[in-house]
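User: I would like to learn how to read chain contacts and strands in a model. Please take me through one case.

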Amino acid sequence: MSRVLTNRLFWPVVVLLALFAVNLVAFPGFFAIEVKNGHLFGSLVDIVRNGAPTLIIAIGMTLVIATRGIDLSVGAICAIAGAISCSIILGSPDPGNVGTVVVAVITALLVALVLGLWNGFLVAVIGVQPIIATLVLMTAGRGIAMLITEGQILTVNSAPFKTLGSGFLFGIPVAVWIAAAIFALAALLTRRTALGLFIESVGINPEASRQAGLRSRGLLFSVYTFSAVCAAIAGLVLTSNQTAADANNTGLFIELDAILAVVIGGTSLAGGRYSSSAPWWARSSSRRS
Amino acid sequence: MLTSPKHGPVVVTLVLLLAIFAIGGLRYRGFLGGQVFLNLFVDNAYLIVLAVGMTFVILTGGIDLSVGAVVALSTMIAASMLQAGWSPGVVIPLILIATSVLGLLVGLMIHVFKVQPFIATLAAMFLARGLCYIISNNSISITDPFFTAFAYTRIPLGGRLSITPSVVVAVLVVIAAVVVLQYTRFGRTVYALGGGEQSGMLMGLAVARTKVLVYIISGFCSGLAGILFTFYTLSGYPLTAIGTELDAIAAVVIGGTLLTGGYGFVLGSVLGVLVLGVIQTIITFEGTLSSWWTRIFIGALLLVFIVLQKLLTARRR
Amino acid sequence: MAERNAVVELNDISITFPGVKALDSVGFRLFPGEVHSLMGENGAGKSTLIKVLTGVYSPDTGVITVDGERVAFSGPAESQAAGISTVYQEVNLLANLTVAENIMLGREPHRFGVVDWRATRKRAAELLSDLHLDIDPSSLLGDHSLAVQQLVAIARATNVQAKVLILDEPTSSLDADEVAELFRVIRSLKESGVAILFVSHFLDQVYEISDRITVLRNGKLIGEYLTGDLLRIDLVQKMIGKELAVLDDIQSRVQEEQSGATADVPFVSAIGLGRKGAIEPVDLDVYEGEVVGIAGLLGSGRTELARILSGVDRPDSGEIQVEGRGRRFRTPRAALSSRIAYSSENRRAEGIVAELSVRDNLALALQADRGWFRRIPRKRLDELTQSYIETLQIRPANPDILVGNLSGGNQQKVLLARWLAIAPRLLILDEPTRGIDVGAKAEIQKLVANLAENGMSVVFISAELEEVLRLSNRVAIMRDRRMVADLPNRDLTVDDILGVIAEGAGGDESDAPTAERIPS
């Protein structure tokens, strides 16, 4: 019993179950899940689908926070990714073409990769505090997104692109599949390789880790890049769901939601121990009305 | 001068401001007019007040992310209470007290429970925005005669120049802050905290009280800025002033205050606000440049100043 | 003795921290117009005693009297109000403020409710000139050298009409001229009747400046002596103490293997290796299968040498050769790739990763060597962990327990296991037996002897000379940041080493106090 009580996931799970209980009493239909046209429908499905982008970002953020860092720029990166993909799709002669969408998505992810490297550079090489380093991109990022969209809200009409945010696969929203895939990837990377051990170690005791021969610089580059790519994926899902790139509002405040989710999920902001399954719970419970 | 972390960044900011003015003056007719300059204050009076509060916090090495949300909350309290028929004489003090109390709570959370300033003020930010929605989901306009009078009054300065009463308030706040920071023991303790909390404690300074007080000041300034903002917009809206905390932080950093605390001046932060304002003005004058360049410029400036600070402090290690 | 009354007297002071008795009914007194040195090795209780005096800790038992009146301090402010001022080792002033402010902060003269800057600067200038210091009060403190900052701290301390001035390691980062200047100021304060508590690990300085010496060891009072009555060698002996001879068999084994070093080329050589402010250039050879002991007091440069050899700090002169080839270690990782491992004396801050399990801590260096992608197979890691838990007798024998929850001795064993797992060719152990119980100590010593027998080179640093002698083939002795002797361990005794530590080697500069040495 004491093992259960001291588990970092104990309180988050209790709170989540309590919230579900409240909902069940207040809205009896809360847990109803129906199958319509071969898709799942219901409040719970909505919660999970709408939570997917935040969840994706929270996975990246968890790793960043585990290294004693923070990434404020994810919201801005969402907006940039959305802006890039939509402008490419709009600029092509055939927006409905799968190839076009693939090019758009890959370009957005590559740009995010560069932005992540930039954050990593400021933190690991220049040695700027993470909160400040990522503040730069947080501030400038939406401006850059505006630059790409030329201040317009870019509405795209592309079936393959729309699938990302609103499609279903085997009855479950595609966005949820994506989140699950990233979660699995993160779990694989941190649990099947030594990455998890290294990240925890650097987060808890950077100097001991250095003396043990860890390369913390490369590690910081990796987590900030991963976080940025996660943010871009979330941005693509959000944009696709709204079928429009809105440089001002795509992913607005999502960094704060994600940080909150990570913290509620039991990862200490002081770095170190983390729980990558935690954001799943936390996100579902922190859904904003 | 330039290589000192105390004065270097401020001098750079001043030179930058003058350079932008020079460029503006060469490129655009009427840019160097007195009213263009005064409008920087008129349009940014609330931001100056916010930046003053933020300067106190950042000087101690903390940060306050809640200021934008607290501005919004103040506009909502003002608009809803005035709508309900309360007199401004009650509403204004009430807002200032409420936002100061919020600052007190944040300060206690940081000092007593050792929550990081970032998280504590983030929580306050969510709380304040949440309260906005409890008050109303919609924009509430203000028709109170005192508020409208305050909004439309211009104080002539001779020639064809004029300012608003808000500017006077902002200037008074700046003067008060300068006096407090430079000439009181509390103010010096603020700098001491940023220089080293441990040292300050060993020197027998009132570390705890000072640490809490800066967040109360920031809360108070946010409330006051919110009131000035309602004079400017004559409405309350829950989504207003989103991202304003970033502007305030940017102004303080560009104004030469070190984010790690200990170095900086209120007047530097005022320069920082003016830099942000003048960039906006240039973009307006340019016409073809779009408004989003403002954010990119601010981001780039932030970067320059952060790297500059890094260089200045790294050299003395 | 017909003496003046003590300004401050501590009687029967005890203070316990979780698991440690930091002070065990210690008494201490300070007389006006006297410099009283407090001596002791790491963990002796010096800093705890000082913190009791400055009001940072309140003792569990015991009485503090100031001017004959019993007091109880609830914080630094109260201690200061009672006339006790402190200058800490790391200057605890504010680099971002001016010299004048640093002197006056908290006591600035006010006029019309605001700080009177003119009066503040004037008063600061007076205090500085009282001490004959030529420092511009309106300059930024951070622009001055550490030495000047130290003097400013003293000026601040004198501003409160200090009856007692505590100087905690004030000279640790000063050069000879700066020390001389500091001593001049100390003497003039002494003449004005201030009682001064002086802490330094430089014996020469202690003998030069102090009138009285109190020695602490392991939280206990060893004694109070007049400086003139206490021979240096006795002082060092009292500080270090004698340990019970528990491990005679190891010593005899080491003696037998005296011929040990067989290879022509040393595994590692340091040639003129130095770092400004840490150690003067040092030459040292370590052969395969050899245990080189490094003896010296705290602050003698023993840890600094180890850190440079292992790439933790970078040297600014000289070079390191591994098997005759020059190497440049910019990071510990580089040294590790030459199979040189360093186990830090600062177990908590630089050794263990407290919130990770025994298994993870053990795997860390080996895994870092393999890279992130080639994870050690779980089965192999479990076997590895299990075998180290057994051979090193790590208790509790649970690989999943967090290292932070283990005792000091077991944490040390986990660290040893971490380094042994990468099969180093040179293992540098810095105080591996400090603060751990006798049983664990013996096990670690045995292990070191076994490792060397199997061909590993070991550099063994310890404040306990018996231990160094028992294990080492050779003993290098450090004193005041330089290596003063490198002696083969043949019939070497603790007293021989004490002699070298106390007096310096070769007689070339043996009795010259540091402060009067001409800076090179």
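User: How many residues of chain B are in contact with chain A?

Analyst: This is a predicted model, where local features need pLDDT of at least 70, side-chain atom pairs count only at pLDDT 80 or more, and totals for chains, interfaces and linings use all residues. Residues are numbered from 1 along each chain as its sequence is written, chains are lettered from A in the order in which they are written, and side-chain values use heavy atoms, without hydrogens and water. Contact means heavy atoms within 4.5 Å. By that rule, 21 residues of chain B touch 30 residues of chain A.

User: What area is buried between chain B and chain A?

Analyst: Buried area is the accessible area (1.4 Å probe) that two parts lose on being put together, summed over both. Here the figure is about 2,400 Å², with 87% from carbon and sulfur atoms. In chain B, B:Phe118, B:Phe126 and B:Trp292 lose the most, together 25% of what that side buries.

User: How many salt bridges cross the interface of chain B and chain A?

Analyst: A salt bridge needs a side-chain nitrogen of Lys or Arg within 4 Å of a carboxyl oxygen of Asp or Glu. The rule finds 0 between chain B and chain A.

User: Why is strand S3 of chain C described as largely enclosed?

Analyst: Strands are DSSP E runs of at least two residues, numbered from the N terminus, and buried means under 20% relative accessible area (1.4 Å probe, protein chains only). All 5 of the 5 residues of S3(C), 35–39, are buried, so the rest of the structure largely encloses this strand. In a regular strand, side chains alternate between the two faces of the sheet. In S3(C), C:Val35, C:Ser37 and C:Met39 are buried on one side, and C:His36 and C:Leu38 on the other.

How values were computed:
Buried < 20%, exposed > 50% of the residue type's maximum accessible area, 1.4 Å probe, protein only. Helix = DSSP H or I, 4+ residues; strand = E, 2+ residues; numbered from the N terminus.
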